[in-house]
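Please look over the sequence and the structure shown here. The paragraphs after it go through a few places in turn.

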Amino acid sequence: TFWKDAIGRLMKNKVAVVCFFIIVLLILSCIIVPFFSPFESREQHLGEVNKGFMTVCTDSRYEGQHHVHYFGTDNLGRDLFLRAFEGGRVSLMIAFAAVFVNLIVGLIYGGISGYVGGAVDTIMMRIVEIVNGIPYLIVVILLMMVLPKGIFTMVVAYGITGWTGMARLVRGQVLQLKSQEYIVAAEAMGAKSSRIIAKHLIPNALSVIIINVTLAIFTEAFLSYIGLGVPVPQPSWGVLAKGGQDVFMTYPYQLVVPAVAISLTMLSFNLLGDGLRDAFDPRLRR
């Protein structure tokens, strides 16, 4: 079948498989680590401010217990190891929620527009251009004025404008694919338009969809970095990067931790996306 063939091709791509396991390990760590950490993400250890990697906790509250700040502490003595994984949980949750909204809306809208074509396609694309003309930051700022700053607001803001890019990608891919022989054969056999879009066009359009998914992760970090993301002191990778940037010249490790987390996640998703593109693209089959 199409899916078995695609999975078989993906498993032969060692880089994509490694990136897949990195992403799974990262997600599981973000879920599990905060539950087993002896510290709290907002807990301040004022006697252990700005400590480096692998610092043994000397707080009197933990006397007799050998706890370690693996990634050091920030300017309030908060454990960066715990905040990095708890921040990753927030960042990934926002990214996946926003991507889910974009996928649903973008796939349906772009698939219908590209497959139907004609006047319907023209009208739908004009609507996309109007929505796409609204700057994303303006939408975020306006929503921050009427909604409380947090995860829900960021997902809503990204969902309002972010689906347009996905819709355009899917439409372009569907326009290219709908003239292929297997689509013509399905139409000749009497398949419904909804079945052709769901069973043939969308799976083969995944090559361009997967790469677009990674942008949501960077968007959350960017908004939190400029102060439009999750409220302080709730951690996220963007919040940690902002805090680390303020003390980078003195304590560079505080920026290195979130920067490595963001870079590793983005790189893994992009390389996995490349592998999925190669696996799902029927033109690469032998």
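Which residues does Ser91 touch, not counting residues up to four places away in sequence? They are Glu220, Ser236 and Trp237, where a contact means heavy atoms within 4.5 Å. The model is predicted: local features need pLDDT of at least 70, side-chain atom pairs count only at pLDDT 80 or more, and totals for chains, interfaces and linings use all residues. Residues are numbered from 1 along each chain as its sequence is written, and side-chain values use heavy atoms, with hydrogens and water left out.

Ser91 is in helix α3; helices here are DSSP runs of H or I with at least four residues, numbered from the N terminus. Ser91 is buried, with a relative accessible area of 1%. Buried means under 20% relative accessible area and exposed over 50%, with partly exposed in between (1.4 Å probe, protein chains only).

Next come the nonpolar cores. Such a core is a set of buried Ala, Val, Leu, Ile, Met, Phe, Trp, Tyr and Cys residues joined through side-chain atoms within 4.5 Å. The largest has 16 residues, of which Ile94, Tyr136, Val140, Met154, Ala157, Leu223 and Val230 touch the most other members. Two or more residues of this core come from each of α3 (80-116), α5 (136-146) and α6 (151-177), and α5 gives the most, with 5 residues. Apart from this core lies another, of 14 residues, including Leu26, Val33, Ala84 and Trp237.

Thr250 sits in the loop between α11 (237-246) and α12 (253-280). Thr250 is exposed, with a relative accessible area of 56%. From Thr250 to Asn50 is 200 residues in sequence, but 9.5 Å in space, C-alpha to C-alpha.
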